[in-house]
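Let's take a walk through this fold together. Keep the 3D view open and follow along.

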Amino acid sequence: MSTKTLNLKRNKNYLNGFTATDIGDDHLYTGIDTPMKPDAFKMSDIDKKKRIAILFEEIMDVMGLDLTDDSLKGTPQRVAKMYIDEIFSGLNPQNKPKVALFENKYQYNQMLVEKNITFYSNCEHHFVPIIGRAHIAYISSGKVIGLSKLNRIVQYFAKRPQVQERLTNQIANELKKILNTEDIAVIIDAKHLCVSSRGIKDDTSATVTCYYGGQFKDQGKITELHNYINN
Ligand SMILES: [Zn+2]
């Protein structure tokens with residue numbers, strides 16, 4: 001099969017029949033799981049960094065940058081390290097935060113809200129930053145989670161090439177599994193640099209996405225949650 005046919009097939013499968021150009025600025029997404037190749041972790045992190053550094057150096061070279069310049073020559077290695085160890089480290093399941101649960105000894109049975117969790121992610125269509133805040137709420141089904149773990153779960157899923165809809169659902173899904181309850185709410189309010197710094201260049205718009213599960217489908221609970229967040 002030629003590369004062209006392969007690419008067309010891939011577009012059909014992954015992009016619901018839209019071409020990559022159609023989808024570019026529209027933030028459509030294809031499913032809850034980040035699309036990964038089956039052999040995504042066959043290569044070690046060390047080898048990935050070596051390979052990315054070579055490829056990034058080529059991008060810089062093609063753009064005409066002088067890689068012998070003192071300021072530029074370390075950039076390919078810096079970018080490779082940043083991709084694998086930092087901003088895309090959430091692609092690797094080994095980096096998923098280990099979460100300990102505790103018995104709900106305080107008998108606290110109202111919603112718990114962790115609000116204004118700052119995160120940095122990157123848009124998977126343009127590889128430029130998404131900067132936002134996540135608000136998370138849950139009602140205990142018998143177990144409670146350490147508060148900082150809620151932040152860590154947000155950071156883990158943010159450190160991937162993302163679309164905001166998928167980020168929202170991935171966080172909600174993980175919390176449902178860990179806390180063994182449907183009573184989860186996730187609200188994300190974020191700024192996409194691919195919208196503000198290029199393309200349509202709208203610096204004032206923001207994107208809000210939400211997930212309301214279980215008891216949070218109730219309008220009263222939603223209003224209560226919004227009151228806490230806006231306080
Ligand atoms: Zn984008």
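Which residue in strand 7 is the bridge partner of Val186? That partner is Tyr211. Before going further, note that this is a predicted model, where local features need pLDDT of at least 70, side-chain atom pairs count only at pLDDT 80 or more, and totals for chains, interfaces and linings use all residues. Residues are numbered from 1 along each chain as its sequence is written.

Strand 6 (residues 184–192) and strand 7 pair in the antiparallel sense over six bridges. Strands pair if DSSP finds at least two bridges between them; strands (E, at least two residues) and helices (H or I, at least four) are DSSP runs numbered from the N terminus.

Next, the helices. Helix 3 (residues 45–62) packs with helix 4 (residues 75–87) at an angle of about 135 degrees, their axes 8 Å apart. Axes are lines fitted to C-alpha atoms, for helices over the stretch in contact, and angles run from 0 to 180 degrees between N-to-C directions. Helix 3 and helix 4 are therefore oblique to each other (under 35 degrees is roughly parallel, over 145 roughly antiparallel, 65 to 115 roughly perpendicular, and the rest oblique).
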